[in-house]
Amino acid sequence: MSLNNDKIDELFKKHPKLDVTYTYGTAGFRTKGEVLDSVMFSVGLLAVLRSQKHSGKVIGAMVTASHNPAEDNGVKLVEPMGEMLAQSWESYATELANAGTTEELLKALNNVIAKESIDLSQPAKVVVGRDTRPSGEGLVAALSDGVKALGGTITDYGLMTTPQLHYITRCLNTQGAYGEPTEEGYYKKLAEAFKRIVTGKVKQSTLYIDGANGIGAPTLQKLAKFIPEEILSVKVVNDDTATASKLNLKSGADFVKVGQKKPDGFDLQPGMRCASLDGDADRIVFWYLNKEGTFKLLDGDKIATLAAGFIMGLVKAAKVPNIQVGLVQTAYANGSATAYVKDTLQVPVVFTATGVKHLHHAAEEFDVGVYFEANGHGTVLFSPGAIKAFHSTQGTTDEEKKALETLRALTDLINQTVGDALSDMLMVEAILVSQQRSYADWDSAYSDLPSRLEKVKVSNRLEFVAIKADTELSKPDGLQQKINQQMSKFKNGRSFVRPSGTEDVVRVYAEADTQANADLLAHIVCGIIFDYHGGVGERPRAFQKVDKEGNTTA
Ligand code: G16
């Protein structure tokens, strides 16, 4: 079989490429929604080839720009078992998206077909979902044209969270073994597993969830209907999905994590238990006011350590032999969190580059792999061997049996495909209920080193090349030495710089012994980048000026 060139040409003409260069980045394509039409068409094409490569298994496509503002959009492809697109295919995605003429497009398609030995006679199935962005519907139509141009079939699941689309993709490819491939099936699976863990235990106070005015808000409201009020009470705040401009505006997990402050819409009082989702509900961070009235954040590091500690305790109590629990972090993990994992929990830690796709694969190396980015994106993976062991171990005492039942329920409660804010919310709640712990008690496990995350707009962020799991830069020449020189001036000083994969900026992270020092270190590094490495736009006043010898100047 060969490609239907005329059909491809006819449909491609409906989606002409603009004069923009596109890159498949940390989480797929992501930029302004208005320039994505042709990209979506090309992603539809690639999804068909990916499905054929997998002998007709279903491929997912999620149209979202997650934590970005409402005018942005994007798309990420999902593998049959619910993981992110194989990295070896990302360059194909970039090539197809940048083909400007039908000839170039056909050349790029034939290149993939030849290199990957694609059998075009295989069937191809694609499922698509989208978040609440206004550009989403039109972009799904463009993606759908791409699928049709190569003769594939597409099912549009409409509005849903990113993790729901990953869940459905896996359900379809496991003939329902992972769960019912419907939105309701997702709610039932999570709710039933949660009930198995908490029923009969003392309920905690109301959870106030910041829905970031995105798809997570209505989804959580639907999920809550499957969980009796006697065991969980949830109040969703920032649930205005009708006003597009409000999406992630002064709300959501990224706003709270970066600013280390509460989102709009909350009259925050000590004692309230709160959390924030992001725009597509694949991240969550928890937060509260302590007794002194100070805002306190429980981020992905805190979620990971809570989960790892709890699961290790259960494995020990259940006497399941040979289960290795491991934790995966990125350079953004707070230094105190890493020390706590190594020294107190005594769990091995692996570091990967930013992007859940990297963490996910590293976590698969463990029997129980806990992975979370500090930004709240992550999950816990159970290997097939671990799941089998939890089911085949019988347990003799009541304590052993209860621990085994909780472990089994956790394997259903925790999304095995990707980080999932709603599944993570229920996991944390199940742990806190089981341990009868407050946020403050959870928080007291270790104290974060003060940190600051900043962004700098530069003329070309691709000139910044991060290496060693994002902890250092190999380019631009000499910049890493300058960062090292500044770090050495601060007690517990640590700073790194990396180009964002989702926004047109470079990110700067700094940690030090005091908040003032963490801020200063971050602002010195920002100043160096802005002044010597292509800063654009207005120079933020906070950025420090540094002379060529590395001395700060007024
Ligand atoms: C995506 C990725 C995350 C990553 C984040 C930030 O998240 O899935 O793993 O941490 O981007 O990326 P960057 O710093 O490169 O902009 P999301 O929630 O935006 O899809």
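**A domain contact and a ligand site**

The side chains of Glu90 and Lys357 meet in a salt bridge with an N to O distance of 2.8 Å, the term standing for a side-chain nitrogen of Lys or Arg within 4 Å of a carboxyl oxygen of Asp or Glu. The model is predicted, with local features needing pLDDT of at least 70 and side-chain atom pairs counting only at pLDDT 80 or more, while totals for chains, interfaces and linings use all residues. Residues are numbered from 1 along each chain as its sequence is written, and side-chain values use heavy atoms, leaving out hydrogens and water.

An automatic or database assignment divides the protein into domain 1 (5-159), domain 2 (185-297), domain 3 (300-424 + 436-443) and domain 4 (451-553). Between domain 1 and domain 3 the count is one salt bridge, and eight residues of domain 1 are in contact with nine of domain 3, contact meaning heavy atoms within 4.5 Å. These two domains bury about 680 Å² between them, 60% of it on carbon and sulfur atoms, where buried area is the accessible area (1.4 Å probe) that two parts lose on being put together, summed over both. Of the area that domain 1 buries against domain 3, Thr26, Glu83 and Met84 supply 58%, more than any other three residues.

Turning to the ligand, 20 residues surround it, the closest being His67, Glu373, Ser500, Gly501 and Thr502, with a residue included if one of its heavy atoms lies within 4 Å. A polar side-chain atom of Arg30 lies 2.7 Å from an oxygen atom of the ligand, and a backbone N or O atom of Gly501 lies 2.6 Å from a ligand oxygen atom.

Definitions and conventions. Polar contact = N/O pair within 3.5 Å; in protein donor to acceptor, adjacent residues only side chain to side chain.
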